[in-house]
Amino acid sequence: MKQLSMVYLVEDDMITTFLIKTLMEKFSFADEIHGFQNGEDALNALLNGKADPDLLFLDLNMPIMDGWEFLGAISKHPKYAKLPIYILTSSIDPTDKARSAEFKNVKGYLVKPLSLKDLQSINPEVG
């Protein structure tokens with residue numbers, strides 16, 4: 001897999017967003033990284049956007065629209081029901097991991113902090 005064109009990062013913590021973007025940029029994970037502070041902003045960007053992301057990183061606990069609500073909304077949208085999503089959360093609760101597996105487009109469950117090894121598990125050519 002080559003470098004991705006566009007990635008969405010849905011994360012409400014500004015410091016975490018900065019660190020993840022820095023890591024992705026350092027190892028050329030994607031040409032563009034678009035950050036959103038809640039699921040509603042990300043959903044609106046998808047529905048109104050001209051370019052679609054190659055994949056999306058999604059935090060579960062956020063204000064306005066959390067990750068679960070976002071997954072529910074996106075799974076009903078034919079164009080985005082297959083968008084690869086990686087859960088990126090601080091939750092180590094096995095019920096959260098099991099629940100995320102119920103969504104067909106969730107490709108992985110990553111626990112923060114995101115590491116180079118995590119990025120390589122998604123794209124082995126990174127780093």
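**Strand pairing, salt bridges and aromatic contacts**

Q: Which residue of strand E5 is the bridge partner of tyrosine 86?
A: This is a predicted model, in which local features need pLDDT of at least 70 and side-chain atom pairs count only at pLDDT 80 or more, while totals for chains, interfaces and linings use all residues. Residues are numbered from 1 along each chain as its sequence is written, and side-chain values use heavy atoms, leaving out hydrogens and water. E4 and E5 run parallel and are joined by five bridges. In E5, the partner of tyrosine 86 is glycine 108.

Q: In what order do the five strands form the open sheet?
A: Helices (H or I, at least four residues) and strands (E, at least two) are DSSP runs numbered from the N terminus, and two strands pair if DSSP finds at least two bridges between them. The pairing in this sheet is parallel. Its five strands follow the order E2-E1-E3-E4-E5.

Q: Which strands stand at the edges of the sheet?
A: Neighbouring strands of the sheet are turned by 20° against each other on average, direction ignored (axes are lines fitted to C-alpha atoms). An edge strand here has a single partner strand, so one side of it is left without a neighbour in the sheet. The strands in this position are E2 (30–36) and E5.

Q: What is the N to O distance in the salt bridge of lysine 112 and glutamate 11?
A: A salt bridge is a side-chain nitrogen of Lys or Arg within 4 Å of a carboxyl oxygen of Asp or Glu, and the structure holds three of them. For lysine 112 and glutamate 11, the distance is 2.7 Å.

Q: How many residues apart in sequence are the parts that lysine 112 and glutamate 11 tie together?
A: Lysine 112 lies in the loop between strand E5 (106–111) and helix H5 (116–122). Glutamate 11 belongs to the loop between strand E1 (4–10) and helix H1 (14–26), so the pair ties together parts whose separation in sequence is 101 residues.

Q: Is glutamate 11 buried or exposed?
A: Buried means under 20% relative accessible area, exposed over 50%, and partly exposed in between (1.4 Å probe, protein chains only). Lysine 112 is partly exposed at 22%, and aspartate 59 is buried at 3%. At 2% relative accessibility, glutamate 11 counts as buried.

Q: Which residues form one aromatic cluster?
A: Rings of Phe, Tyr and Trp (its six-membered ring) pair if their centres lie within 6.5 Å; planes under 30 degrees apart count as stacked, over 60 as edge-to-face and the rest as tilted. Phenylalanine 29 and phenylalanine 57 form a tilted pair, 6.1 Å centre to centre with 50° between the planes. Phenylalanine 29 is buried at 0% relative accessibility, as is phenylalanine 57 at 0%. The cluster consists of Phe29, Phe57 and Tyr86.

Methods:
Axes are lines fitted to C-alpha atoms, for helices over the stretch in contact, and angles run from 0 to 180 degrees between N-to-C directions.
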